[in-house]
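Let's take a friendly walk through a protein model, one part at a time. Keep the structure open beside you as you read.

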Amino acid sequence: MMSPLIRLLLLLVCLALPLYGVEKVRSRGYRKDPDADKYGSCLQGPAGTPGRDGNPGANGIPGTPGIPGRDGLKGEKGECVNEIFEEPWRPNYKQCAWNSLNYGIDLGKVADCTFTKLRSDSSLRVLFSGSLRLKCKNACCQRWYFTFNGAECTGPLPIESIIYLDQGSPELNSTINIHRTSSVEGLCEGVKAGLVDVAVWVGTCADYPRGDASTGWNSVSRIIIEELPK
């Protein structure tokens with residue numbers, strides 16, 4: 001029969017043997033790398049030179065179109081096509097001439113000339129050139145002027161020329177008879193397009209008596225009419 005001491009030793013042996021086997025297995029599974037501490041004591045070297053930039057990458061896939069923007073502000077009104085492509089201006093003029101009118105009337109129409117006006121927004125330039133004369137014993141005044149279709153110009157004012165003769169003295173004959181080539185000239189606006197009767201008249205001045213007038217004596221007289229752009 002075994003003693004209590006022997007039994008205790010056997011029990012301790014039985015408990016120790018399994019623990020020894022487990023420790024041995026652990027030692028086999030976790031063997032230390034012989035090179036683990038080979039470089040553990042070396043210092044770290046300096047950083048190397050940065051490398052070159054790489055080549056550009058390929059273009060990406062185009063994105064989807066964006067949302068359309070809002071409508072812009074309303075623009076200003078443009079010019080009419082008729083104004084942009086307007087026909088160029090063409091010269092339009094006429095001359096009427098007379099040799100030795102010798103017209104001795106004091107009141108009335110002296111000469112006329114018919115003209116075709118192409119545009120209503122243009123102006124008419126008129127010229128009368130001829131010999132004029134006035135004589136009287138007392139102070140007198142005569143007026144030569146243009147009419148357009150029977151009416152004087154109102155755009156802006158009448159086209160006229162006057163001769164005034166003062167009362168003469170006994171030493172100087174007041175009935176002296178001098179004929180001088182003179183002119184009546186001006187621009188008239190507001191005359192409508194179409195046929196225009198342009199005429200030269202002789203009449204009296206305001207507040208003065210008339211004298212003895214003469215137009216176109218022994219010389220050429222002429223009316224020149226020209227249409228001009230406004």
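## Before we start

A strand here is a DSSP run of type E with at least two residues, and strands are numbered from the N terminus. Please keep in mind that this is a predicted model.

## A loop with P209

With that in hand, look for P209, which sits in the loop that links β7 (194-204) and β8 (212-215). The cut-offs are under 20% for buried and over 50% for exposed.

Which residues does P209 touch, leaving aside those up to four places away in sequence? They are A139, C140 and C141. Take C141 as an example: 68 residues separate C141 from P209 in sequence, yet their C-alpha atoms are 6.5 Å apart in space.

## The sheet

Now turn to the open sheet, which is built from 4 strands. Reading across, their order is β2-β7-β4-β5, and the pairing is antiparallel. β2 (108-117) and β5 are the edge strands; each has a single partner strand, so one side of each has no neighbour in the sheet. From one strand to the next, the twist averages 10°.

Let's zoom in on one pair. β4 (residues 140-148) and β5 run antiparallel and are joined by 6 bridges. You can find one of the partners in β5 yourself: R143 has I162 as its bridge partner.

## The largest pocket

Where is there empty space to explore? Rolling a probe the size of a water molecule over the atoms shows where such space is left. The largest pocket has a volume of about 160 Å³. Its lining is made up of L132, R133, L134, I163, L165, I176, I178, R180 and S182.

Which strand gives the most to this lining? That is β3, with 3 residues. At least two lining residues come from each of β3 (123-135), β5 and β6. Sorted by class, the lining holds 6 nonpolar, 1 polar and 2 charged residues.

## A closer look at I176

One of the residues lining the largest pocket is I176. You will find I176 in the loop between β5 (160-165) and β6 (180-189). With a relative accessible area of 47%, I176 is partly exposed.

Technical notes
Residues numbered from 1 in each chain as written. Predicted model: local features only at pLDDT ≥ 70, side-chain atom pairs only at ≥ 80, totals over all residues. Heavy atoms only, no water. Buried < 20%, exposed > 50% of the residue type's maximum accessible area, 1.4 Å probe, protein only. 1 Å grid on protein atoms, 1.4 Å probe; cavity = no way out; pocket = protein on both sides within 12 Å on 5 of 7 lines; lining within 4 Å. Points joined across faces, edges and corners; volume = space filled by probe spheres on them. Nonpolar A, V, L, I, M, F, W, Y, C, P; charged D, E, K, R; others polar. Pairing = 2+ DSSP bridges. Axes fitted to C-alpha atoms, helices over the stretch in contact; angles between N-to-C directions. Contact = heavy atoms within 4.5 Å.
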